[in-house]
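Hi there,

Here is the structure I promised to pass on to you. Have it open while you read, and my notes on it follow below.

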Amino acid sequence: MDMNIQKYMAFDKAVEYGSFTKAAEILNYSQSGISRMIHDLETDWKVVLLERRKSGIKLTSDGTKLLPYIQKICAEYEKLQMEVDELNGLQSGLIRIGTFSSVATHWLPNIIREFQRAYPNIDYELLLGDYTEIEQWISDGRVDCGFLRLPTCSDFETIFLEQDRLLAILPENHALQSLEKIPVTALCSEPFMLLEKGEKAEISEIFERCGLTPNVHFTTWDDYAIMSMVESGLGISILPELILRRVPYRIAAKELDVPAYRKIGIALRSKKNASPAVKRFLEYLQYR
């Protein structure tokens, strides 16, 4: 790689992550190496690009002016690498994926296993977050694609994958377990463990649709924390069916008396402009 490109990428990633250490991890350099390359740029250009603070780094006014040009050069270099990778038959590359826990646990291992059989030299970076975070990562270019609840931002291109039922979650031997379907009204009479994934609150929407208010005692975006709380008898909940595969907890899952589900898809800013590796990865979603 051209040494100037290395310096530009070091500066770009340090600004993106607000940290020399994180930039070093992403670019596979030492922290001192990243610092030195940025210092070399500052020396060559006779400007100060970054303020070094105990809390992190911050762009100077000169750094702010120059950053868009650096980002453009880095983006064009990445496009060049994509074309080279395509000519080489995907012998190398990186796929950055935004995902939430149930997809990361139950779909991605199968997809990546099959993809690696054909393209063993592709690397992956997985970022785990809620729907709102994943949307932001896609918008910012932090990830190449992201699994999301649909519908999502109108600017994204999406592929619908599956309709995932939302089920009532009860401790084993709970009184409601004898019912074929659990009335949503019955879930309001006991402490409720609420799963919230960002601003798109699919569980809360069920109660809103029924004109009900649950007795929420605990709120988190961690599905497994919910299961543990329910197993311990601290309350009941509603969770997506996908996360309930191979559950290690002593809990019961029951259908609700109203239709409740989430639509899961994958989103990206542009299929046309996606890297060859990402385009090929999308073809392997069927192996989920």
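Helix α4 gives the most to the lining of the largest pocket, with eleven residues. This is a predicted model, where local features need pLDDT of at least 70, side-chain atom pairs count only at pLDDT 80 or more, and totals for chains, interfaces and linings use all residues. Residues are numbered from 1 along each chain as its sequence is written, and side-chain values use heavy atoms, with hydrogens and water left out.

A pocket here is an open set of points on a 1 Å grid over the protein atoms alone, where a 1.4 Å probe fits, with protein on both sides within 12 Å along at least five of seven lines; lining residues have an atom within 4 Å of a point. The largest pocket holds about 1,800 Å³ of space. It has 48 lining residues, and the closest to its centre are K13, E78, M82, R96 and D144. Among the elements that each supply at least two lining residues are α1 (3–17), α4 (61–87) and β3 (93–99). Helices (H or I, at least four residues) and strands (E, at least two) are DSSP runs, numbered from the N terminus. By type, the lining divides into 22 nonpolar, nine polar and 17 charged residues. Asp, Glu, Lys and Arg count as charged, Ala, Val, Leu, Ile, Met, Phe, Trp, Tyr, Cys and Pro as nonpolar, and the others, Gly among them, as polar.

Now take a look at R96, which sits in strand β3. Is R96 buried or exposed? R96 counts as buried, at 15% relative accessibility; buried means under 20% relative accessible area, exposed over 50%, and partly exposed in between (1.4 Å probe, protein chains only). Its side chain reaches the backbone oxygen of G141 at 3.0 Å, and a polar atom of that side chain lies 3.3 Å from the backbone oxygen of R142. Leaving aside neighbours within four places in sequence, R96 is in contact (heavy atoms within 4.5 Å) with residues including K13, E125 and D144.

K72, in helix α4, is exposed, with a relative accessible area of 59%.

How many disulfides does the structure hold? There are zero, a disulfide being a pair of cysteine sulfur atoms within 2.5 Å. The sulfur of C153 is 15 Å from the closest cysteine sulfur, in C145, so this pair is too far apart for a bond. For C210, the closest cysteine sulfur is in C188, at 8.4 Å, again too far for a bond.

Happy exploring!

Conventions
Points joined across faces, edges and corners; volume = space filled by probe spheres on them. Polar contact = N/O pair within 3.5 Å; in protein donor to acceptor, adjacent residues only side chain to side chain.
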